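Please find below a colleague's note on the side-chain contacts of the structure under review.

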Amino acid sequence: MNSYDVIVIGAGHNGLVCAAYLLKAGYSVALLEKRSIPGGAATTEELMPNKAPGFQFNRCAIDHEFIHLGPVVEELELKKYGLDYLFCDPAVFCPNPDGRYFLAHKSLDKTCAEIAQFNRRDAEKYREFINFWQRLTQAITPIFNAPPQAIVDILGNYDLNSITNLLSILGGPHETLDLIRTMLSSPKNILDEYFDSEFVKAPLARLGSEFGAPPSQKTISVGGMMMSMRHKPGMARPRGGTGALTEALVRLVKEKGGTILTEQSVERILMDEGRAVGVQVQGHQEYRAKLGVISNIDARRVFLQMIDLGDLDHESRKLHTRLDRRIVNNNETILRIDCALSEAPRFEAYQHRDDYLIGSVLIADSVRQVEIAHNDPEVGKIPDEDPSLYAVVPTMRDPSMAPNGKHTLWIEFFAPYQIAGTSDGLAGTGWTDDLKNTVADRVIDKLADYAPNLKSSIIARNVESPAELGERLGAYKGNYYHIDMTLDQMVFFRPLPEIANYTTPIDGLYLTGAGTHPGGAISGMPGRNCARTFLNAQQPLLHRLEELGKSLTPRW
């Protein structure tokens, strides 16, 4: 029987980060990953070795902003293990049907100058908009980097800079109330307040909706920070793809004596007198945990699928029911398209410059188009009549990901997990190979309207339906964030108030990953915060003394 201090279910980037901190603290750790490679949503793979050898593709996550708001890279010394971030400048390009375009540089001044050539007032308001979200982001970053109910840890993260920004945001009573009103508002409301032009509002609405909801939805106005972070601290990608982050973490974990076991699909959490004491994987192999089991997968699957109801006490049974009934997930996920290209797309009608392709390319013709792109999936409809999409040509910034002179294309298209009115296809979702390729054709057509050379440049392509994405990642209903990122399910509400601090009613069972605070995206924060929670439980006095007096080093 294999025995470790801690078993981590899932070797996604948060599971690896959590394991790294525990290994550095002297605990033995084993990570169990159901796929043949670690990384979860943070992998880079040669996806089409027969049709497109040498082309490397990011299988899910691609643009990294949140990780630069925390200390994970520095504290774990990931550069020493091969991680090299390449910052993207420009960060966003979005052509508009009226001939104008939105081009965001890392420099706020340069971005305002780009906007001013089309609308001088919107350029001035853009500076005001970004300044507000940057101050807010700096003010709340200390909350991201601590367990959400650990007041001492949160206060310890505040330094003079973040306190100054917090006070500037709060202001007087009226300003504080207006800030609360802003947080309860929608991206669309905020954008209409600031801007006149569709060519500015549409791409900001598209980025603001990356949390997985329509821009008209209340409580996700905080999506405004998605654009501001591309100015500060900036948007970056690891050299070699997102998988390079995973590879650096794997090197660190192995150097510290950690064990990573792939093709180990956990089916059951083992219990003994109300305590989690290990796991059983497919094939009935058992792994024992002396001190704790940490799940990097969502809480709903943990409690509803991996724990026998008879092993739960009264409080845990109540949690079982609440996770089943209380967690909110809309029907939206993504259809992914990866293409190997003989040449990069060219936006000739927009005075094409190669630097348009350094960052993200957004096809967001109007706020209405973005609204439909998110509303249709909720009711099981595929919004492909006039697609809005998010595209990246990673090889413009990192040529190492394709053969010399060639390029890769990554496309994210919002789509329903369950198609209305059908139970055909994979897992009864309605998604078949024919359907996913038909939808992909329409998405490619839309992008080709702006970059006419695209279709003739495609060497090979791979399309992954929402059902396939969910199956590969083990994501409930294809939700790569585990649960929706609306305000009612964030911070001390994520995933539910009683388990928001990475702990559960089951002794020895902890939670991390995208379904915990501060949420999805590449940040490592849930992994780091969970590790701190575990260490506080094991050595409360010693660890608190070590943490005392620490404050988060300003990231910007």
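**Note on side-chain contacts**

1. Lysine 188 and aspartate 192 lie four residues apart in helix H8 (residues 187-194), so about one helical turn separates them. Helices here are DSSP runs (H or I, at least four residues) and strands likewise (E, at least two), numbered from the N terminus. The side chains of lysine 188 and aspartate 192 meet in a salt bridge at 2.9 Å, N to O; the term denotes a side-chain nitrogen of Lys or Arg within 4 Å of a carboxyl oxygen of Asp or Glu. Lysine 188 is partly exposed at 32% relative accessibility, and aspartate 192 is partly exposed at 36%. Buried means under 20% relative accessible area, exposed over 50%, and partly exposed in between (1.4 Å probe, protein chains only).

2. On the basis of the work: this is a predicted model, in which local features need pLDDT of at least 70 and side-chain atom pairs count only at pLDDT 80 or more, while totals for chains, interfaces and linings use all residues. Residues are numbered from 1 along each chain as its sequence is written, and side-chain values use heavy atoms, with hydrogens and water left out.

3. The structure holds 38 salt bridges. One of them joins glutamate 65 to arginine 230, with the closest N and O atoms 3.4 Å apart. This pair links distant parts of the chain, 165 residues apart: glutamate 65 is in the loop between strand S4 (57-58) and helix H2 (72-75), and arginine 230 is in helix H11 (residues 230-234). Glutamate 65 counts as buried at 5% relative accessibility, and arginine 230 is buried at 2%.

4. Arginine 461 and aspartate 441 also meet through their side chains in a salt bridge, at 2.9 Å from N to O. Here arginine 461 belongs to strand S17 (residues 458-464) and aspartate 441 to helix H16, 20 residues apart. Arginine 461 is partly exposed, with a relative accessible area of 25%; for aspartate 441, also partly exposed, the value is 38%. Elsewhere, salt bridges with shared partners join Arg35, Glu45, Arg59, Arg336, Asp338, Glu464 and Arg472 into one network.

5. Aromatic pairs are rings of Phe, Tyr and Trp (its six-membered ring) with centres within 6.5 Å; planes under 30 degrees apart count as stacked, over 60 as edge-to-face and the rest as tilted. By this rule there are 20 aromatic pairs. The rings of phenylalanine 93 and tyrosine 356 are stacked, because their centres are 4.1 Å apart and their planes are at 5 degrees. Phenylalanine 93 is in strand S6 (residues 92-95) and tyrosine 356 is in the loop between strand S13 (332-341) and strand S14 (360-363), 263 residues apart. Both phenylalanine 93 and tyrosine 356 are buried.

6. Tyrosine 350 and tyrosine 450 form a tilted pair, 6.0 Å centre to centre with 40 degrees between the planes. Tyrosine 350 lies in the loop between S13 and S14 and tyrosine 450 in helix H16 (residues 433-450), so the pair ties together parts 100 residues apart in sequence. Tyrosine 350 and tyrosine 450 are both buried. A cluster linked by ring pairs comprises Phe102, Tyr126, Phe129, Phe132, Trp133, Tyr194 and Phe195.

7. How many disulfides does a search of the whole structure find? The search finds zero, a disulfide being a pair of cysteine sulfur atoms within 2.5 Å. The sulfur of cysteine 530 has its closest cysteine sulfur in cysteine 18, 4.2 Å away, which is too far for a bond. Cysteine 18 is buried at 0% relative accessibility, and cysteine 530 is buried with a relative accessible area of 0%.
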